[in-house]
Each structure stands twice: as C-alpha cells, then as structure tokens.
Amino acid sequence: MFSNIGIPYSADIMNFVIITALLSAANSGLYAASRMLWTLSDQGHLPKQFCHLSRSGTPFNAIVVSMAGGAASLLSSVFAPDTIYLALVSISGLAVVVVWMSIAASQLAFRRDYVAKGGDINDLKFRVRGYPWIPLGALACCALACVGIAFDPEQRVALYFGVPFIAWCYFVYFITRKGRARRLGLGAEPGVASAT
C-alpha cells in the first residue's frame, strides 16, 4: 500500500518495524519466563538450580532453560507447523483466558477474605467499580471463550493439553506442599537473593 502512494522502501520499513516488535516481545517474554522460573524455584516449587544467580544478579540457569524452550517452540513452526506448533499456539491462547479467569477469581476471593477478616472496603486504595459484577462478568466471558474453543476443531487441542496440565499442577502442589513448607522453613540458602 505504501509503495502505491510513492513511499520508497516501504516494504523494508514495515519489515523493520515488525522485526523490532517481535524482538521486543521475545525479550519481554524471556524476561518474564526466566523470572517466573526463578520465583517458582525460590518458593520451593522447582529445583534450587533455577535459583542460582550470576555475579551480576541474573538467574542464569533460568534464562538458559527459557531460551531453550523458546528455541524449541520456534523450530516447531518450521518442522511441525500443523501439529506441535498449532498445539502450542492454541495452548497459549487458552493460557491467556485462564490467566484472566484467575485474575477475576482472585479479586472475588481477596475481597471476600478481606471483609471476613475485619477489613474495611473504604480503606482500599483501589476498588473495582461495579464490584462484584465486573469480575463476575469477566469470569463469564472467559468461560464463554473456553466453550468457543471447545467447538473450534483447530483450537480444541488446547483443552486436551491445557486442562489436564492445570489439574496436574494443582495435584502436584497439594501433595508436595507439606514437604515444601518444611524445606522453606529451614531458612533461605546462602547466596540466594532477589533476581534482577
């Protein structure tokens, strides 16, 4: 379109903008994934190897594992675009919906627990307008999206993998929480600090 109105090198300019946006998204994703691994390790949910920090304070092991996962995902788009890559894209879409459901459910649970423990709603610095209808509406819309995923043959694979994975995470959490609490109660390991 830009070339039709006389802008030279318009295709190259657009490609540069797109590549820059992709690199920015990849960088933020790598940062979030590596810090998530570090936090899970610090809280006892993953092996302590992911807690190891470099001299500059970065979680090196977590970054390497996150990069390896990203590289494997990228390669799947080349070698298995109609199977593995499609499943990964579908699962990432479901993950977004599940995260938003978790946010809405957390808002409802927090407010209920806060009031039950004697808290005053007026003391909250941020209050959701239209509570509880806004988080309930968000839950309903996200649930509707999940129903839509179930009826889409190309996206349905996300439910096949996503729902059992979420159930497995909860199962592992509940059967390991006592042992994890005992380990964390012994105190932080030397050299474990906040990841930067």
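What percentage of the 196 residues of the protein chain count as buried? I find 18%, where buried means under 20% relative accessible area, exposed over 50% and partly exposed in between, with a 1.4 Å probe and protein chains only.

**Basis of the entries.** I am working from a predicted model, in which local features need pLDDT of at least 70 and side-chain atom pairs count only at pLDDT 80 or more, while totals for chains, interfaces and linings use all residues. I number residues from 1 along each chain as its sequence is written, and side-chain values use heavy atoms, with hydrogens and water left out.

**Fold.** I looked up the secondary structure and recorded 5 helices and 0 strands in the protein chain. Helices (H or I, at least four residues) and strands (E, at least two) are DSSP runs, numbered from the N terminus. The order from the N terminus on is α-α-α-α-α. I then turned to contacts, meaning heavy atoms within 4.5 Å. Of the contacts in the protein chain with a separation of 6 or more, 56% join residues 24 or more positions apart.

**Core.** I next looked up the largest nonpolar core, which has 7 residues: L94, V97, C142, C146, I149, A158 and L159. A nonpolar core is a set of buried Ala, Val, Leu, Ile, Met, Phe, Trp, Tyr and Cys residues joined through side-chain atoms within 4.5 Å. Two or more residues come from each of α3 (84-116), α4 (133-150) and α5 (157-185). Helix α4 gives the most, with 3 residues.

**C142.** Apart from neighbours within four places in sequence, C142 is in contact with V97, W100 and M101. W100 stands 42 residues from C142 along the chain, yet their C-alpha atoms are separated by 7.3 Å.

**Cysteines.** I count 0 disulfides in the structure, a disulfide being a pair of cysteine sulfur atoms within 2.5 Å. C141 is exposed because its relative accessibility is 56%, whereas C146, at 18%, counts as buried.

**S76.** I also checked S76, in helix α2 (residues 60-79). S76 counts as buried because its relative accessibility is 6%. Leaving aside neighbours within four places in sequence, S76 touches P81, I84, Y85 and L88.

**Pocket.** Finally I looked up the largest pocket, which holds about 2,100 Å³ of space. On a 1 Å grid over the protein atoms alone, a pocket is an open set of points where a 1.4 Å probe fits, with protein on both sides within 12 Å along at least five of seven lines; lining residues have an atom within 4 Å of a point. The lining has 45 residues, of which A33, M36, L40, A95 and F165 lie nearest the centre. Helices α1 (10-42), α2, α3 and α5 each give two or more residues to this lining. The largest share, 12 residues, comes from α5.

How values were computed: Points joined across faces, edges and corners; volume = space filled by probe spheres on them.
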